[in-house]
Amino acid sequence: MFLIDMHCDTILSLWEKGEGVSLRKNDLSVDIEKMEQGHVLVQNFALFTHRKEEAIPEKRTMDLMDRYWSELEHNKDRLAPVLCFEDIEKNARNHKISCLLTLEDGGVVFDDLAMLRNYYRLGVRMIALTWNYPNGIGYPNLSMDDFTDYKQASLLQKADTENGLTEFGIRYIKEMERLGMIIDVSHLSDAGFWDVVKHTTKPFVASHSNARALCPVARNLDDEMIRALDEKGGVMGLNFCGDFLESHASANGPSRVDAMVSHILHIRDVASIDCIGIGTDFDGIHSELEIPNAAHMVKLEEALRKAGLTQEEIEKIFYKNVLRVYREIL
């Protein structure tokens, strides 16, 4: 069983740990050995920049990009980049894990489409338009400006149905489509989500978002949004964060496989099996994880089989749905 994971924050974690820690083997949720054990076909690596903490956020993004490409160079016997869909097929034939570079918070462009094009030239193929702050592109459902700390914010999220994409944001997503970059609406406001539906012609993704009907936080998608994503041919990646799977009395609650299965069954029932993928958010979450790393994805496979899903349905969730989107856009 292959796996495509649409979102992890491992590069930031490696960068914070310093040069002495390698992607080849580490104590994080994602390293090469764990990915190989989990039969990872494609791993998306997000460059997350906390824009409010950096005087020049783009400098941090460049530092993270340097770490990403350095890791690929040091581990080129087992990893290879994805710049077009054919690279995934070629890398699989060469028995290498494909690595797809993404941005988490697309605002690191100085509100300039030339910078967006430069990120494409540097290998970025997917962009989450916002994180938890407004930027030149649009607005998130949660603005961290409104809260004193993230633990408090995780309990108080409210959907923003008024503030969507800016005029620049609309030009931004149209340029992404022209270039062949995947639009990611995780973290984006509800209003922004519907702006993306309106102004795009190709599938888009919510790389690490769950079903709001089962866990009522604004980072998740409501049923109408899930159906719209499905109708666009897009995919949403199951987020392993416990607080996005179930309501807990306090932040950083446990992440349970049974809850993951419940979200998958709900999404299938309100839309279809074709819009479900995996977007773990490994190394970017702090939950107690029943699936602690990439080597243990078989636990979800077994739970889905026990819940009555067919082999074809499980394969769609694990890699085929995302692969279809990548084939169309990349």
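Contact means heavy atoms within 4.5 Å. Helices (H or I, at least four residues) and strands (E, at least two) are DSSP runs numbered from the N terminus. The model above is predicted, so to speak only of what is well placed: local features need pLDDT of at least 70 and side-chain atom pairs 80 or more, while totals for chains, interfaces and linings use all residues. Residues count from 1 along each chain as its sequence is written, and side-chain values use heavy atoms, without hydrogens and water.

Q: Which elements do the buried residues of α1 pack against?
A: Let's start with who is inside: Thr10, Ile11, Leu12, Ser13 and Leu14 of α1 are buried (under 20% relative accessible area; over 50% is exposed and anything in between partly exposed, with a 1.4 Å probe and protein chains only). In the contact with α3, Ile11, Leu12, Leu14 and Trp15 of α1 meet a set of residues that includes Leu64 and Tyr68. Taken together, the buried residues of α1 have as packing partners β2 (40–48) and α3.

Q: Which residue with a positive phi follows α1?
A: Helix α1 covers residues 10–17. The residue after it has a positive phi, near 100°. That residue is glycine 18.

Q: Is histidine 39 buried, partly exposed or exposed, and what is its relative accessible area?
A: Histidine 39 sits in the loop between α2 (32–37) and β2. Its phi is positive, about 55°, although the residue is not a glycine. Histidine 39 counts as partly exposed because its relative accessible area is 47%.

Q: What is the phi of aspartate 105?
A: You will find aspartate 105 in the loop between β4 (97–104) and α5 (113–121). With a relative accessibility of 2%, aspartate 105 is therefore buried. It is a residue other than glycine, yet its phi is positive, near 95°.

Q: How far apart in space are the C-alpha atoms of methionine 176 and tyrosine 120?
A: Methionine 176 belongs to helix α7 (residues 167–179), and its relative accessibility of 0% is why it counts as buried. Beyond four places in sequence, methionine 176 touches Leu116, Ile127, Leu129, Met181, Ile182 and Ile183. Tyrosine 120 is 56 residues from methionine 176 in sequence, and the C-alpha to C-alpha distance is 8.9 Å.

Q: What distance separates the C-alpha atoms of isoleucine 170 and glycine 192?
A: Isoleucine 170 also lies in helix α7 and is buried, with a relative accessible area of 18%. Setting aside residues up to four places away in sequence, isoleucine 170 touches Leu165 and His199. Glycine 192 is 22 residues from isoleucine 170 along the chain, and their C-alpha atoms are separated by 9.7 Å.

Q: Which elements do the buried residues of α8 pack against?
A: Seven of the ten residues of α8 (residues 190–199) are buried, so this helix is largely enclosed by the rest of the structure. The buried ones are Asp190, Ala191, Gly192, Phe193, Asp195, Val196 and Val197. Their packing partners are α7, β6 (182–184) and α9.

Q: Which side chain makes a polar contact of 2.8 Å with the side chain of serine 209?
A: Serine 209 is in the loop between β7 (205–206) and α9 (223–231), and at 2% relative accessibility it counts as buried. A polar contact is a pair of N or O atoms within 3.5 Å; within protein, one must be able to donate a hydrogen and the other to accept it, and residues adjacent in sequence count only if both atoms are side-chain atoms. The partner at 2.8 Å is serine 186.

Q: Which residue's backbone oxygen does the side chain of serine 287 reach at 3.3 Å?
A: Serine 287 is placed in the loop between β9 (276–278) and α12 (298–306), and it counts as buried at 10% relative accessibility. Leaving aside neighbours within four places in sequence, its contacts include Cys241, Asp243 and Ser255. The backbone oxygen reached at 3.3 Å belongs to glycine 253.

Conventions: Axes are lines fitted to C-alpha atoms, for helices over the stretch in contact, and angles run from 0 to 180 degrees between N-to-C directions.
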